[in-house]
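Hello,

Here is the structure I promised to pass on to you. Please open it first, and then read my notes below with the model beside you.

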Amino acid sequence: METKGMTRREFVKAGLLTAAAASLGAGVFKPTGLWAATPTIKGPVKLGYQAIMSGALAGYGEFHKMGVQMAVDEINADKGIAGVKVEVDFRDSTLKADEAIKNARYFVDSWGADFLGGIDSSGQALALAPVMAELDRILMVTHAATEKLTEQQVFKNGIKQVFRISTPTYQDGNAAAFIAKDIPAKTWATISPKYEYGYTCWEMFKQTLGKLKKDVSFTGESWAPFGTTDFRPHINTIMDAAPDGLYSTEWAGELITLVKQANQAGLFQKIKHVMFPVGAAMDVLEGLGQELPENIWISGRYFFLYPADNRNRAWVAAFRSRWNHFPAYVSETGYSTLFALKKAIEAAGSKDTAKVVQALEGMEIDTPAGRRVFRKEDHQAMYDVPWGLTKTDAAFPFKVMGKQVMVRAKECFNRPPFEGAGTKPPF
Amino acid sequence: MLESIVHVCLAGLSIGMFIWLVASGLTLIFGVLKVLNFAHGTFYMLGAYLCYWVLGRMGENFWLGLAIGPLVVCAAGFLIERFFLRHVYHLALPYQLLLTFAFVLIFDDAVKILWGAGSLGSPNVPGLSGSISILGRNFPLYSLFMIAVGPLVALAMWTFLERTWWGRIIRASSSDREMAAALGVRVPALYTAVFVLGTWLGALGGGLAVPYVGLLTPGMGEAIIIDAFVVAVIGGLGSLKGAFFGALIIGLLSSFGTRFLPTFDMFLTFILMAAVLLWRPQGFFGEAK
C-alpha cells in the first residue's frame, strides 16, 4: 500500500527546517533555481492513476507504473507543470467496474486528485465515463480499447471529461481488415475473448474486411472466457472449421497460452495466415520468445521499434537503463499521458477541468509513439501504429516485427458522427 | 466429425485430470481436518513457481523441479498448519476461510516480490513437448501424460488410505476424532501430516501445470481453486472418489460445452453445481448428514 501525505517524521523534519530557516532570516525562503519561476497555478497537480496490479495481469500494472513514474520524475526534475510539482497515486483497478468507480471516487473525494488516468478494461471504461462527468475530472484512458467509449460516451452522450491516448479497437479491427484484404485467405475464423473487447473487434474486422474484399466469409468463432488456461477445446473448434486465416484478439498471458497450445496442436501448420492485433505487446513477445512462429501478423498500441526516430530511440534507451525492461505499450501511453496533461494545463494556465478539456481538444503533442492529435469531437488520440510480420532478429531475444505495413489512423479510425455513410472505413 | 469428438473427449479428460490433481489435496484436507482451505490455490501457485525456480537452477531438468519444488511448499504447509490453522479448528468456518484467505494475499504478494508481477513463460519438458497424430490431428504428448498421471495419483491415494496402516489411522481420526485420540492416536500430529500431504498434492498440481498451461502468473491459483471447489461440491465434500469423478465430469462438460454449446459453456458447470446442491446436496459420493 502506498501511503500518502506526511508521515510524522516528515512533519517534524519540516517543522525543524522551518524554524531553522526562520531564525536565519527571510532571505533564505526566497526560491532559487528551477523552482524560482512563479507558479501560475496552485500546486501540486495530482494525478490518480489506476491499473491492474493484482492477479494474472499484474504485470500490466507494473508497466503502467514504470512509464508514469519516469514521466513524473522527468517533469519534477525540470520545471514541473506550470511551475508546480506533479504527484501521482496508484491504485489497483482489479479489472472490476465497481472497483474502478470506487477508486475514482477515492481519488477525487478523499485524495484530492485533479486528474485521473489508467484503466485497462473496456467494461470498466464504459462504466466509469458517467462517473467522470459527475466528478467533473478528466480521465485519460491509457489502455481500454472499446470504440464505444469515445463514440458513444464522449461523442454521443457528451461526456467531455473522458479522453483516450491509446489506440482503440480501430487498430485491432479496421486496420487488421486492411492488412487482411491483401492476404490470400478467403475464410476467416476467430478465437477471442468472451467479453466486450473480443466481440467488438471481431465484429469490426468482419464488417470492414467484408467491404474491402467481396469474396471472404467468416466460418468459425470460439470465445474464451477471461482466465482461460486451456485453449484446446477452442483450438479443436477452429481446426474443425478449417479456415484459411485465424484472427485472435486474445492478449497478455492468455495469448501466450494460446500460442503454446496451438503450437502443440499443430495449428500453425494447418492455418497459414494468422493475425494477433495485440501480439506486439512486450509481455507476449518476451513470454513466447522463439516459440512465437515466424510470419504472424502482429500489432499493438505502440511498438518500441516504431517510429525509428531519435526521440523514440532515446526514450527506449532511457527506459531500458532505468527499468532494465523494454517498454510495454502501457508504459508509453502512461508516460505520454503526463506530458499531454502538462502541455494542456500549461496552455490553459489552469488545472480547471473545463479549461483543460478545451486545451486538450485538437491538441498536438510529440510523444515517443510519434505525433498524437486529440480529435476534438470524440477525444480520441490519432496516431499511427504499424502492423508487422514476426521475424527473428539476432539483436533481440524475442521475435520482432520484420516487414511492417502502416495503416494510417486517418484511414482506419471511424470518423465522427460515427453513423451514416462515410463514417466507417474504407473512406 | 469423429476425429473432432475424439479430440474434444481427450481435451476434456486432460482438463479433468488437471482439476483432479488440485482438488485431491483440497478434498483430503477437508475430509480429515474439516477445514475449507482457501489457500490451496496458493500452494498450487507456489508449487508452480518453485518447480520453475528449481528447474532453472538444475539445468532445466523438469523432473528434478517437480521432485523438489513441491517439497519446499510442504514446509510452508507445515508452518501454516502448526502455527496458525491449528488455532482456528474450534472456531466457526468463516474464521478458517478468513485465515486461509490471508495467506492467499500474503503469498500472492510474495510471489510478485520474488519473481515479478509479469507472467513467465514455462520451459518445455524434454520428451513430452511434442505431439502425436490421433486420427490425423495432433494431440500434445503432455496432455496424454496428464491423462495418465491423474488415475495414477488416484490409485496411489486409494491404496494409501484403504490398504495401509497409516490410511486406517487417518480414516479412523476422520470419522471420530475423540475415539481415535482415546485409542492413542496423536491426532494433532496426524492433522499436520495430512495437511502437509494435501499441500504436497496441491503443489504437485502446480508443478505439473507449468508445461500444461505454459505460463506462470501471480494469482494463478485463484482461477483453479474455484474449479476445484466446484468439483469438491459436485463429488461430495471430503470424498476423494467424488472429487475424481467430479473432475472428470467438469472437464468433459467444459470441453464439449466449448465445442458444441459455445453460448452456454460458462454456465454449464454452475448449472450442474446448482442442480447437485438442490437435489443431492451431499454430492454424488458424499455421505448424507
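A:Pro44 sits in the loop between α1 (8-24) and β1 (45-51) of chain A. Helices and strands here are DSSP runs, H or I of at least four residues for helices and E of at least two for strands, numbered from the N terminus. The model is a predicted one, where local features need pLDDT of at least 70 and side-chain atom pairs count only at pLDDT 80 or more, while totals for chains, interfaces and linings use all residues. Residues are numbered from 1 along each chain as its sequence is written, chains are lettered from A and ligands numbered from 1 in the order in which they are written, and side-chain values use heavy atoms, with hydrogens and water left out.

Back to that proline: the peptide bond from A:Gly43 to A:Pro44 is cis, with omega near -10 degrees. Another cis peptide bond links A:Tyr306 and A:Pro307, with omega about -5 degrees. A:Pro307 belongs to the loop between β10 and α13 (310-323) of chain A.

Most residues other than glycine have a negative phi, and most peptide bonds are trans. A:Asn324 is not a glycine, yet has a positive phi of about 60 degrees. You will find A:Asn324 in the loop between α13 and α14 (329-348) of chain A. A:Phe418 also has a positive phi, near 70 degrees, and is located in the segment after α16 (409-412) of chain A.

Is A:Asn324 buried or exposed? A:Asn324 is exposed, at 68% relative accessible area, whereas A:Phe418 is buried at 4% relative accessibility. (Buried means under 20% relative accessible area, exposed over 50%, and partly exposed in between, with a 1.4 Å probe and protein chains only.)

**The sheet in chain A**

Next, look for an open sheet of seven strands in chain A, with mixed pairing and the order β7-β6-β8-β9-β10-β14-β15. β7 (217-224) and β15 stand at its edges with a single partner strand each, so one side of each has no neighbour in the sheet. Two strands count as paired if DSSP finds at least two bridges between them.

A:Trp188 has A:Phe218 in β7(A) as its bridge partner.

Then follow strand β14 (residues 387-391) of chain A, where four of the five residues are buried. Two bridges join β14(A) to strand β10 (residues 297-298), and these strands run antiparallel. β14(A) is also antiparallel to strand β15 (residues 400-405), with four bridges between them.

**Where the two chains meet**

How many residues does the contact take from each chain? There are 34 from chain B and 31 from chain A, where contact means heavy atoms within 4.5 Å. About 2600 Å² is buried between the chains, and carbon and sulfur atoms give 50% of that. Buried area is the accessible area (1.4 Å probe) that two parts lose on being put together, summed over both.

The rule finds two salt bridges across this interface; a salt bridge is a side-chain nitrogen of Lys or Arg within 4 Å of a carboxyl oxygen of Asp or Glu. One pairs B:Arg259 with A:Asp240 at 2.7 Å, N to O. The other listed for A:Asp240 is with B:Arg137, also 2.7 Å from N to O. B:Arg137 lies in strand β3 of chain B and A:Asp240 in helix α9 (residues 232-241) of chain A, so this pair joins two chains. B:Arg137 is buried at 4% relative accessibility, and A:Asp240 is partly exposed at 26%.

**A salt bridge within chain A**

Finally, A:Lys260 forms a salt bridge with A:Glu291, the closest N and O atoms being 3.3 Å apart. A:Lys260 is in helix α10 (residues 252-265) and A:Glu291 in the loop between α12 (282-288) and β10, so the pair ties together parts that are 31 residues apart in sequence. A:Lys260 is buried at 7% relative accessibility, while A:Glu291 is partly exposed at 23%.

Happy exploring!
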